[in-house]
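Visitor: Could you show me how to read a sheet and its surroundings?
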Amino acid sequence: MKLDYRIDGNNFDMAGEASSSVKKTLAQLGVSPPVIKRVAISMYEAEINAFIHGGGGSAHVDIDSSRIEIIIEDAGTGIPDLDLAMQEGWSTANEQVRKMGFGAGMGLPNIKKNADVLEIETAPGQGTKVKIIIDIK
């Protein structure tokens with residue numbers, strides 16, 4: 001099953017809608033709650049990062065009997081220092097985003113903790129592509 005979503009970088013009310021939709025779909029397919037939780041956390045974090053830092057983007061989800069593959073892409077400014085961004089607590093979120101309760105620097109570390117595979121392609125000025133694979137066990 002393939003699912004595609006647009007992440008609207010101008011509509012904060014829609015932030016997290018793609019991950020919420022995937023969570024519901026996985027429940028309807030009978031995927032185990034622990035796997036659904038890992039998918040929901042990983043996808044939400046990547047989706048919010050694309051919203052906040054990338055100005056929106058797209059989410060593509062491929063579900064089969066053995067795994068769930070999520071690809072989140074944005075056309076933002078890219079991650080200037082990926083090693084630093086992978087450290088808990090490091091963030092480039094602006095003050096407005098922090099006031100809304102985001103930008104604590106836990107997005108990428110949370111994805112890494114919940115994914116079986118995490119691949120990130122990014123370069124300054126070139127956007128970011130996050131690929132997450134979670135095995136269905």
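Guide: We will go from the sheet to its helices, and then to one residue. This is a predicted model, in which local features need pLDDT of at least 70, side-chain atom pairs count only at pLDDT 80 or more, and totals for chains, interfaces and linings use all residues. Residues are numbered from 1 along each chain as its sequence is written, and side-chain values use heavy atoms, with hydrogens and water left out.

Visitor: In what order do the five strands of the open sheet come?

Guide: Strands of a sheet pair through backbone hydrogen bonds, either parallel or antiparallel. Here the order is 1-2-3-5-4, with antiparallel pairing. Strands (E, at least two residues) and helices (H or I, at least four) are DSSP runs numbered from the N terminus, and two strands pair if DSSP finds at least two bridges between them.

Visitor: Which strands stand at the edges?

Guide: Strand 1 (2–8) and strand 4 (117–122) do; each has a single partner strand, so one side of each is left without a neighbour in the sheet. Strand 1 is joined to the antiparallel strand 2 by seven bridges, and Asp4 stands opposite His60 of strand 2.

Visitor: Which strands does helix 2 touch?

Guide: Helix 2 (residues 33–54) packs on the sheet, touching strands 1, 2, 3 (67–74) and 5 (128–135). Contact means heavy atoms within 4.5 Å.

Visitor: And where does Ser58 lie?

Guide: Ser58 is in strand 2 (residues 56–63). Beyond its neighbours within four places in sequence, Ser58 has contacts including Tyr5, Ile7 and Ile71.

Key: Axes are lines fitted to C-alpha atoms, for helices over the stretch in contact, and angles run from 0 to 180 degrees between N-to-C directions.
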